[in-house]
Amino acid sequence: MHKVIFDTDPGVDDAMALLFLHRHPEIDLVGITTTIGNAPIEITTRNALFLAEAWGIEAPVAQGSGEKFDPKRTNGHWPTFIHGDNGLGNITIPEVIARKADPRPAHQFIIDTVRANPGEITLVAVGRMTNLALVLKADPDVAALVKDVVIMGGAFDVPGNVTPAAEANIYGDPEAADLVFTAPWRVTAVGLDVTMQTVMMRTYLAEMAKVGGKDVQLLNDLSQFYIDFYNHRVGDGMVIHDSCACVYVVRPDLFQTRSGAMRVVCGGIADGMTIQKPDAKTFPPGDWDGHPSQFACTGIDADAVLALIRSVL
Ligand code: BDR
Ligand code: CA
């Protein structure tokens with residue numbers, strides 16, 4: 001059984017990933033922590049509580065930071081044109097949600113849960129890396145107690161999706177991501193190199209909704225706005241970025257990875273760019289030395305990933 005804390009900014013593709021984690025029989029979802037990214041923190045937290053209530057997910061929801069790790073940075077704009085003004089494709093969300101957030105800030109919830117389950121927790125982070133960076137700042141020794149860190153983030157050998165250099169989750173908080181990549185825990189980055197190959201067609205999701213009951217129908221409803229955004233980019237479907245990271249936890253054999261130290265450019269024209277120094281290559285001594293070797297996904301069996309999601313949902 002994989003014990004997972006899901007750090008997320010719901011977010012349409014986050015919602016599918018959440019339902020996958022909840023439904024997968026080998027995953028024990030022990031907590032949901034919220035981050036900024038697709039919407040401000042109040043909205044992503046409200047959305048996490050709404051989805052947890054709608055889908056009967058009992059794991060606690062803890063609200064994360066509403067600001068970037070480096071106080072000199074400002075939050076910028078929210079991608080309402082991708083996820084809708086309410087972060088969930090502008091579906092109607094009830095004014096009052098019975099589920100309430102855990103009183104602890106997300107990073108404290110993560111620290112407490114990891115310390116109570118040493119060596120057992122996998123952190124799956126599919127928004128900005130702010131909460132994970134705050135964990136490292138508040139309690140650096142926790143890194144050694146985490147089983148695995150799997151993130152959706154980065155663009156290693158392909159262009160970014162916010163700038164030519166940077167992917168959204170990394171661009172949103174570059175200093176946080178650089179800290180996460182260089183910490184002494186194992187990080188696997190499931191980035192645009194593989195997620196952009198994983199497209200779920202509108203009809204495929206609609207077929208799933210027909211047989212998947214009201215939970216998948218809700219997912220189908222909230223995904224329509226996002227599919228409309230992706231429509232002319234990938235055909236009549238959507239890129240299921242965050243679900244790819246969740247699938248990696250249970251089926252790493254569906255991915256190819258490359259090992260090597262990873263860093264994030266912080267500032268300038270390539271702000272938020274992810275760079276990996278492959279272990280197989282040598283360079284003169286420099287900034288790459290002394291950092292842990294992490295894993296970047298370079299290949300994916302997209303059909304098998306889609307089929308797994310379909311069967312689990
Ligand atoms: C990532 O950015 C967000 O919009 C998505 O939810 C995903 O986590 C893709 O770059
Ligand atoms: Ca996300």
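Asn90 sits in the loop between helix H3 (80-83) and helix H4 (106-116). In this predicted model, Asn90 has a positive phi of about 65 degrees, although it is not a glycine. Most residues other than glycine have a negative phi. Asn90 has 14 C-beta neighbours inside 10 Å, so it counts as partly exposed.

Helix H4, at the end of that loop, holds Thr113. Thr113 has 21 C-beta neighbours inside 10 Å and therefore counts as buried; the cut-off for buried is 20 or more. Thr113 touches Ile5, Val30, Gly31 and Ile121, leaving aside residues up to four places away in sequence. Thr113 and Ile5 are 108 residues apart along the chain, yet their C-alpha atoms are separated by 8.8 Å.

**The sheet**

Nine strands make up an open sheet with mixed pairing. Their order is S3-S2-S1-S4-S5-S6-S11-S9-S10. Strand S3 (61-62) and strand S10 (274-278) stand at the edges. Each has a single partner strand, so one side of each lacks a neighbour in the sheet.

Strand S2 (residues 27-34) runs parallel to S3, joined by two bridges. Here Thr33 stands opposite Ala62 in S3. S2 also pairs with S1, again in the parallel sense, over seven bridges. Phe6 has Ile32 in S2 as its bridge partner.

Helix H7 (residues 174-182) packs on the sheet. H7 touches strand S5 (148-152), strand S6 (187-190), strand S9 (255-264) and strand S11 (293-300). The direction of H7 makes about 115 degrees with that of S9.

**Enclosed elements**

| Element | Buried residues |
|---|---|
| S2 | seven of the eight residues |
| H5 (residues 130-138) | seven of the nine residues |
| H10 | nine of the ten residues |

In H5, the buried residues are Thr130, Asn131, Leu132, Ala133, Leu134, Val135 and Leu136. What covers them? The cover includes S1, S2, H4, strand S4 (121-125) and H7.

In H10, the buried residues are His241, Asp242, Ser243, Cys244, Ala245, Cys246, Val247, Tyr248 and Val249. One of them, His241, is also among the residues that come nearest to ligand 1.

**Around ligand 1**

The shell around ligand 1 has 14 residues. Gly11, Asp13, Val126, Ala168 and His241 come nearest. Helix H1 (12-23), helix H6 (168-171) and helix H10 (241-250) are the elements that give two or more residues to this shell. By class, the shell has four nonpolar, six polar and four charged residues.

Gly11 is found in the loop between strand S1 (2-8) and H1. The peptide bond from Pro10 to Gly11 is cis, with omega near -10 degrees. Most peptide bonds are trans.

**Recorded domain**

Which residues does UniProt list for the domain? The unreviewed entry gives residues 4-306 for "domain: Inosine/uridine-preferring nucleoside hydrolase". Over residues 4-306 the chain is 38% helix and 19% strand. The end C-alpha atoms of that stretch are 21 Å apart.

Terms used:
Residues are numbered from 1 along each chain as its sequence is written. Chains are lettered from A and ligands numbered from 1 in the order in which they are written. This is a predicted model: local features need pLDDT of at least 70, side-chain atom pairs count only at pLDDT 80 or more; totals for chains, interfaces and linings use all residues. UniProt positions are given in the numbering used here, feature names are shortened, and annotations may be inferred rather than shown by experiment. Helices (H or I, at least four residues) and strands (E, at least two) are DSSP runs, numbered from the N terminus. Two strands pair if DSSP finds at least two bridges between them. Two residues are in contact if their C-beta atoms, placed from the backbone, lie within 7 Å. Axes are lines fitted to C-alpha atoms, for helices over the stretch in contact, and angles run from 0 to 180 degrees between N-to-C directions. A residue is near a molecule or strand if its C-beta atom, placed from the backbone, lies within 6 Å of it. Ala, Val, Leu, Ile, Met, Phe, Trp, Tyr, Cys and Pro count as nonpolar, Asp, Glu, Lys and Arg as charged, and the others, Gly among them, as polar. A residue is buried if 20 or more other C-beta atoms lie within 10 Å of its own, exposed if 12 or fewer, and partly exposed in between; C-beta atoms are placed from the backbone.
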